[in-house]
Amino acid sequence: MTVATTQPATAGPEPAGVDNRIVVGGAPLTWRTLPSPELPDPAAVLATSARHALAAARQHAVHGTELLLSTASRVDATMRAELGDAGFAVTLLDDDGAHPSAPARPRAAEPGRLWLLTSGSTGRPKRVGHTLATLTTVRADQPDRTWLCPYAPGTYAWWQVVTLSLTQPDQHLVVVDPDELDDWPVVAAAHGVDAASGTPTFWRRTLYRDVAALARVPLRQITLGGEPVDQAILDQLREVFPAARISWIYASSEVGASIVVHDGRAGFPVEWLDRETPGRPTLSVRDDELVVTSPYHGVGLAGPVRTGDRVQVLDGRVLITGRLDSDEINVGGSKVSAGVVRGVLTQHPGVAWARVTGRRAPVLGRMVVADVVLAPAAAPLPDEAALVRWCADRLPEHAVPRRIRVLTEIPVKETLKSDV
């Protein structure tokens, strides 16, 4: 079944970055030369490639079509039905154009509205409403940059990079599709990428697979976000790129970009807590949970928003250690932070990546266990006993992992995150 496409009769002005260079699928384009698909309004667009996702983003920027943008793999049959019930025409966008399906409950569109699907880390993904203005969190003039965008289309991190290129001149974009991720340094070096944003897992996988290829990319700006950022990954990137600015960003679909740190240290200064500055988010901690009051929040989330992220204050820094519902492990009545144990493991020079969880155990109820991927250049490679001793020297006895399993590859999801 198809539905008639509707596009506003008058278009708005082109965005400021319309002539920025875009490389997608190896082909050089600009925002201006992207096709402008005719979309229903409101539309839930399932883009079949990065090029089609960028075309939908530009279409929204010019026409204001109410838009939810994702990939088909992130939207299952149940979610499609939910979107149809919410009035969206679920639309496959491919080389042949837009293929919409009629919404189960048609409604009037809300001009200028953008919808994001959360990552689903706390259950099924949910919709969070934004606009281009609330997603555009970099507003000051920037040095000329060519950015790498490795994120899945429609995610908050994807919009952060895309809106920067859309709204500012001389912010060029090189997009890599999922099948190019393992070789992205080659693509980036070929197209002059000097700025890249990725999750800690993204950076760890690249360091693990081919640090020499990474070092050939002329990076001047390195950005991390989307997962807890520990000192080990910051130090590893600094060793490869001593002259680059290395930043980590705390952002979410619900509260937008809330924390930006450039000093090369994990966490943020404790002095930032409860600091009220007009136009900027206010950060606080309640019951070990990060709470954010942000001007960039999603629809219906005004005021303090409990993020679900666990924090720890240590040596004058506020560290984000993981999700509140999964970070804490109760071992015989003693609380263990999985993030703290993970940080200890990744500080070992022979460990490229670690995941820490709790497992049922007799008497104690739970015990700490870990998966690790060993650094290929480590010599000698540590065995389980060596890693347990490393942890025992740095953690209380109840927090030391009782089992450590070695994996051969760093696991990664479509969102570029691991289950940590």
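Asp 309 counts as buried, because its relative accessibility is 11%, where buried means under 20% relative accessible area, exposed over 50% and partly exposed in between, with a 1.4 Å probe and protein chains only. The model is a predicted one, in which local features need pLDDT of at least 70 and side-chain atom pairs count only at pLDDT 80 or more, while totals for chains, interfaces and linings use all residues. Residues are numbered from 1 along each chain as its sequence is written, and side-chain values use heavy atoms, with hydrogens and water left out.

Asp 309 is placed in strand S18 (residues 305–314), strands being DSSP runs of E with at least two residues and helices DSSP runs of H or I with at least four, numbered from the N terminus. Not counting residues up to four places away in sequence, Asp 309 touches Tyr 250, Asp 288, Glu 289, Leu 290, Ile 320, Gly 322, Arg 323 and Leu 324, contact meaning heavy atoms within 4.5 Å.

Strand S18 belongs to an open, antiparallel sheet of five strands in the order S15-S19-S18-S17-S16, where two strands pair if DSSP finds at least two bridges between them. The edge strands of this sheet are S15 (268–269) and S16 (282–286), each of which pairs on one side only. Strand S17 (residues 289–293) is joined to S18 by three bridges, and Val 292 stands opposite Val 305 in S18.

A further open sheet has eight strands with mixed pairing, in the order S2-S1-S10-S9-S11-S12-S13-S14. Strands S2 (27–30) and S14 (256–261) stand at its edges with a single partner strand each, so one side of each is left without a neighbour in the sheet. From one strand to the next, the twist averages 25 degrees, with axes being lines fitted to C-alpha atoms, for helices over the stretch in contact, and angles running from 0 to 180 degrees between N-to-C directions. Helix H4 (residues 156–167) lies across S9, S10, S11, S13 and S14, at about 140 degrees to S10, while helix H7 (residues 231–240) lies across S12 and S13, at about 165 degrees to S12.

Within strand S10, Gln 171 has its place, and this residue counts as buried because its relative accessibility is 1%. Leaving aside neighbours within four places in sequence, the contacts of Gln 171 include Asn 20, Trp 147 and Leu 164.

Strand S3 (residues 43–47) is mostly covered, with five of its five residues buried; Ala 43, Val 45 and Ala 47 lie on one side, and Ala 44 and Leu 46 on the other.

| Strands | Sense | Bridges |
|---|---|---|
| S9 (residues 145–149) and S11 (residues 195–198) | parallel | two |
| S3 and S4 (residues 67–71) | parallel | five |
| S17 (residues 289–293) and S18 | antiparallel | three |

Helix H6 gives the most to the lining of the second largest pocket, with six residues.
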